[in-house]
Amino acid sequence: MTDSAVAEEAQHSSTLESVKSFVAGGAGGVAAVLVGHPFDLTKTRLQTAPPGTYTGAVDVVKKALARDGLRGLYRGVVPPLLGVTPIFAVSFWAYDTSKLLLLGLTPNRKSNELSIPELAAAGFMSAIPTTLVTAPVERAKVLLQVQGQTPGGPQYKGVFDVVRHLYREGGVRSVFRGSVATVARDGPGSAAYFAAYEVTKKLLTPAGSSPSDLNLGAVIVAGGMAGIAMWSIAIPPDVLKSRIQSAPTGTYSGFMDCARKTIAADGVAALWRGLGPAMARAFPANAATFLGVEATKKLMDSLL
């Protein structure tokens, strides 16, 4: 086989792996939304409601069920369902691409196995392109989730109505409000997320075996631990992101202004509001994510 043929085959293999990562990430994202949305809605309402609106997470759930029935727990689910497929697809594609980039930048390394700091760096890098999709999707999702929480607020008919309203209100900048807070949450969060997943897989791998051969039960545990690792550090910027994205125009001048006003009004503890629902959601939703990702990859490997 000539050098050009070898290079062409390597390029084809790399492209195929990128496509697999993209598709598998999207499948994992859909699984995450179906499992985790009620927890996410509860978290967002606790983070954005005026003091005294709810006594806790259980009270949020009770009031949502009383107002809208079971459907109330899935209010705002359309934006993440529409957006999560590309969000997770881009995230997992960007993570795998970042790992290849790090390997390419260190050609004289003794092993092709990335260290934990390198895996974390790849995770952080994956958040940057993902924010282009995440920020507008979460802006629409947050507004739909808090709809009906306070009387007299805007009433949206759905995700596209939200986007139209935001664009008329402030153009593209309004649609992408909260992007800085999104990176502040997802950069460190994704670093912890992917590193924790890889580390847990290695810990669960029997001697002489490969992490890629783990059964789906081990994948569920590793995925759940990844979610816990991420949300254990992501809540403060997530609180600020939710407030920035749900507040009327002009309430905050930026990320730091929101932090200052939040602490001044509600104390430092406000930065951890919603921790309970987030951590309750972290394990099952992210176990579902990685289960969807790994199962989809195995299916594609058997077919392609």
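Is Tyr193 buried or exposed? Tyr193 is buried, because its relative accessible area is 4%, and buried here means under 20%, exposed over 50%, and partly exposed in between (1.4 Å probe, protein chains only).

## Before we start

This is a predicted model, where local features need pLDDT of at least 70, side-chain atom pairs count only at pLDDT 80 or more, and totals for chains, interfaces and linings use all residues. Residues are numbered from 1 along each chain as its sequence is written, and side-chain values use heavy atoms, with hydrogens and water left out.

## Rings that meet

Let's stay with Tyr193. A search of the whole structure turns up eight aromatic pairs (rings of Phe, Tyr and Trp, the last by its six-membered ring, with centres within 6.5 Å; planes under 30 degrees apart count as stacked, over 60 as edge-to-face and the rest as tilted). Tyr193 and Phe290 make a tilted pair, with 5.2 Å from centre to centre and 40° between the planes. The two residues are 97 apart and sit in distant parts of the chain: Tyr193 in helix α6 (residues 179-204) and Phe290 in helix α9 (residues 275-303). Helices here are DSSP runs (H or I, at least four residues), as are strands (E, at least two), numbered from the N terminus.

Phe290 is buried too, with a relative accessible area of 1%. Its ring also pairs with that of Phe194: the centres are 6.5 Å apart and the planes stand at 85°, so this pair is edge-to-face. Phe194 belongs to helix α6 and Phe290 to helix α9, so the pair ties together parts 96 residues apart in sequence. Zoom out a bit and you'll find one aromatic cluster made of Phe88, Phe92, Tyr95, Tyr193, Phe194, Tyr197 and Phe290.

## Charges that pair up

Now for the salt bridges (a side-chain nitrogen of Lys or Arg within 4 Å of a carboxyl oxygen of Asp or Glu). The whole structure has 22 of them. In one, Asp238 meets Lys43, with the closest N and O atoms 2.8 Å apart. That pair links distant parts of the chain, with Asp238 in helix α7 and Lys43 in helix α1 (residues 3-48), 195 residues apart. Both Asp238 and Lys43 are buried.

Another salt bridge joins Asp186 to Arg185, at 2.6 Å between the closest N and O atoms. Asp186 is buried because its relative accessible area is 9%, and Arg185 is buried with 5%. These residues are part of a network of salt bridges that links Asp40, Lys43, Glu138, Lys141, Arg185, Asp186, Asp238 and Lys241.

## What Glu118 holds on to

Glu118 lies in helix α4 (residues 116-146). Its side chain makes a polar contact with the side chain of Arg109 at 2.9 Å (a pair of N or O atoms within 3.5 Å; within protein, one must be able to donate a hydrogen and the other to accept it, and residues adjacent in sequence count only if both atoms are side-chain atoms). The Arg109 and Glu118 side chains also count as a salt bridge. The side chain of Glu118 reaches the backbone nitrogen of Ser115 as well, at 2.8 Å. As for Arg109, its relative accessibility is 23%, so Arg109 counts as partly exposed.
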